[in-house]
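Colleague: I am new to this structure and would like to go through it with you. Could we begin with the interior?

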Amino acid sequence: MPKLRGEAFWRETLRSAHYVVAPMVDQSELAWRLLSRRHGAQLCYTPMLHAQVFLRDANYRRENLYDEACPEDRPLIVQFCANDPEVFVQAALLAQDYCDAIDLNLGCPQMIAKRDTFHSIVQPTYLCFQSFSVLLANEKLSVPITCKIRVFPDIDKTVKYAQMLEKAGCQLLTVHGRTKEQKGPLAGVASWEHIQAVRKAVNIPVFANGNIQCLSDVEECIRKTGVHGVMSAEGNLHNPALFEGRNPLVWEMAEEYLEIVRKYPCPLSYVRAHLFKLWHHTLQVYQQLREELAKVKTLEGIVDVNRELKLRCQEEIANQKEGEKPKEGLPFFHWICQPYIRPGPKERCRENGDSGTEKGVRGKRALEEEEDGNSELLSKNKQKKKLRNPNKSFDPSLKPKYAKCDQCGNPKGTKCVFNMCRGCCKKRAFKEVADCPGHGLLFKTKYEKSLSWQHSQRGIQSPEISQRGDAEVGETAVLKEAGDS
């Protein structure tokens with residue numbers, strides 16, 4: 001049976017999904033997906049999986065996909081990050097029987113992607129990698145190939161990039177309306193204007209990602225951009241009932257999630273991370289519970305922390321005065337699931353104390369204060385090391401001396417061809433498309449391999465595919481020229 005494409009794929013296989021839970025590293029595991037589906041989510045993605053590890057490691061495949069088969073968990077899209085078209089396709093072939101589509105992440109700012117892929121940093125030099133990955137996957141896989149991208153600052157460049165992926169065989173495109181630099185405190189507001197432009201320029205379904213904090217945001221995004229569906233990440237983590245338009249009690253969501261985890265276990269670190277998000281506002285009030293959640297080592301221990309949090313909140317509700325309003329400018333009381341507005345750089349500086357002299361806030365510790373033996377001035381990490389080894393010294397003068405990097409002063413790699421540390425070496429090798437065997441960076445080798453693969457494909461493909469490849473190379477050149485300017 002031929003695989004469905006474009007609109008037909010979205011309508012029949014994905015059941016016209018409008019409400020989508022994003023792929024989140026270590027956060028969109030089966031238990032969380034099932035919780036989200038119970039509360040309005042119509043489509044879920046797996047966490048982003050590393051294609052090379054997925055291909056070589058049977059345990060990684062079993063832990064992240066094979067052992068998680070669940071009839072309730074459909075439709076499901078498996079997402080990969082990859083830096084080699086052939087490796088990506090081979091990994092996708094191992095996963096295609098367990099999902100409804102394979103997604104290639106072309107715009108993730110997470111360190112797991114930055115360490116090992118070119119796709120996470122959308123640069124014109126490597127657009128050919130992305131196009132060929134999609135082209136090859138579209139030809140080899142029995143399920144559709146989809147892509148998730150971040151935008152370029154320039155709308156026209158973003159549109160050309162989306163059209164290139166569509167021509168390569170992408171059947172559904174998710175557009176995160178932020179650039180690759182917009183993350184953490186620099187995230188800012190996602191551009192729906194970019195998303196709207198892409199939606200008008202392509203003939204495949206488009207999902208929007210960014211600025212989603214409640215159900216009204218979802219409806220407004222669909223109305224303004226015309227997209228087929230809306231994807232939520234942080235909004236979903238702070239309120240898994242977002243797509244229902246409800247704001248439930250935080251301990252109720254935690255209880256339901258922990259019950260699902262009993263049936264479908266996952267690493268305790270995932271559970272703890274979810275509850276830190278879910279209880280974010282409440283833990284600002286009950287700092288002791290934050291410490292207990294950080295230290296607990298069993299699922300039952302986490303259940304006990306949730307029970308204690310519930311009792312404290314219920315006591316606070318019972319003592320609440322009539323007409324009392326939420327504090328700290330929150331739309332709801334802290335025990336109700338609600339969005340978290342990430343502070344910008346200026347707000348974060350004020351929170352941390354710019355000079356360390358604000359009342360009640362301590363700034364960064366001076367280095368000499370850390371080394372004088374007063375453990376109270378050491379960071380928590382160093383205090384733990386001090387407990388394990390009381391004789392350990394953090395005096396920088398006692399550290400071994402290394403040859404310094406020519407750029408930043410960090411220790412350089414002993415076999416680096418550029419006499420740099422790995423971070424600086426990677427930036428230079430990436431910019432110059434060069435190799436550094438000492439650091440295991442093979443940008444030039446992989447680029448030449450991609451070109452060789454391209455030429456070999458042209459020799460065996462039909463004229464239609466060859467012409468399509470020529471068009472993609474031309475578009476890549478256009479985007480590169482725009483990037484260089």
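Colleague: Which residues touch the most other members in the largest nonpolar core?

Modeller: In this predicted model, they are Phe80, Phe88, Ile102, Leu165, Leu173, Tyr257 and Trp279, out of 110 residues in that core.

Colleague: And which helix gives the most to this core?

Modeller: That is helix α12, residues 250-263, with 8 residues. The core also draws at least three residues from each of two domains: domain 1 (6-110 + 127-244) and domain 2 (252-318).

Colleague: Take leucine 173. What does it touch, leaving aside residues up to four places away in sequence?

Modeller: Leucine 173 touches Cys147, Ile149, Ala162, Leu165, Val198, Ile204, Pro205, Val206 and Phe207.

Colleague: What does the second, separate core include?

Modeller: This second core has 13 residues, among them Cys421, Cys424, Phe430 and Leu441.

Colleague: Is cysteine 408 buried, partly exposed or exposed?

Modeller: Cysteine 408 is partly exposed, because its relative accessible area is 39%, and that class lies between the 20% and 50% cut-offs.

Colleague: Let us change topic to helix α2. How many of its residues are buried?

Modeller: In helix α2 (residues 30-38), 8 of the 9 residues are buried, so the helix is largely enclosed by the rest of the structure. The buried ones are Leu30, Ala31, Trp32, Arg33, Leu34, Leu35, Ser36 and Arg37.

Colleague: What do those buried residues pack against?

Modeller: They pack against the strands β1 (19-21), β2 (43-45) and β4 (76-81), and against the helices α11 (234-238), α12 and α13 (268-278).

Colleague: What about glutamate 68: buried or exposed?

Modeller: Glutamate 68 counts as buried, because its relative accessibility is 16% and the cut-off is 20%. It is found in the loop between α4 and β4. Setting aside residues up to four places away in sequence, glutamate 68 touches Leu30, Arg33 and Glu63; Leu30 and Arg33 are among the buried residues of α2. Glutamate 68 and leucine 30 are 38 residues apart in sequence, yet 6.6 Å apart in space, C-alpha to C-alpha.

Colleague: Where is proline 75 placed?

Modeller: Proline 75 is in the loop between α4 (58-64) and β4. A cis peptide bond joins it to arginine 74, with omega about 0°.

Colleague: Which residue other than glycine has a positive phi near 60°?

Modeller: That is glutamate 328. Glutamate 328 lies in the loop between α16 (299-318) and α17 (345-352) and counts as exposed, at 77% relative accessibility. Valine 433 is not a glycine either, and has a positive phi of about 50°; valine 433 is found in the loop between α20 and β10 (435-436).

Colleague: Now histidine 176. With which side chain does its own make a polar contact?

Modeller: The partner is the side chain of asparagine 209, at 3.4 Å. Histidine 176 lies in strand β7 (residues 173-176) and is buried, with a relative accessible area of 9%. Not counting residues up to four places away in sequence, it touches Lys148, Ile149, Arg150, Val151, Asn209 and Gly210.

Colleague: Finally, what is the mean pLDDT of the protein?

Modeller: The mean is 84, and 82% of the residues reach 70 or more. Over residues 354-373 the pLDDT is below 50, and the model gives this stretch 27 contacts beyond near neighbours in sequence. Residues 460-485 also stay under 50, with 39 contacts beyond four places in sequence.

Colleague: And how many helices and strands does the protein have?

Modeller: There are 22 helices and 11 strands. Of the 485 residues, 48% count as buried.

Methods. Residues are numbered from 1 along each chain as its sequence is written. This is a predicted model: local features need pLDDT of at least 70, side-chain atom pairs count only at pLDDT 80 or more; totals for chains, interfaces and linings use all residues. Side-chain values use heavy atoms; hydrogens and water are left out. A nonpolar core is a set of buried Ala, Val, Leu, Ile, Met, Phe, Trp, Tyr and Cys residues joined through side-chain atoms within 4.5 Å. Buried means under 20% relative accessible area, exposed over 50%, partly exposed in between (1.4 Å probe, protein chains only). Helices (H or I, at least four residues) and strands (E, at least two) are DSSP runs, numbered from the N terminus. Domain bounds come from an automatic or database domain assignment. Contact means heavy atoms within 4.5 Å. A polar contact is a pair of N or O atoms within 3.5 Å; within protein, one must be able to donate a hydrogen and the other to accept it, and residues adjacent in sequence count only if both atoms are side-chain atoms. pLDDT is the predictor's confidence in each residue, from 0 to 100.
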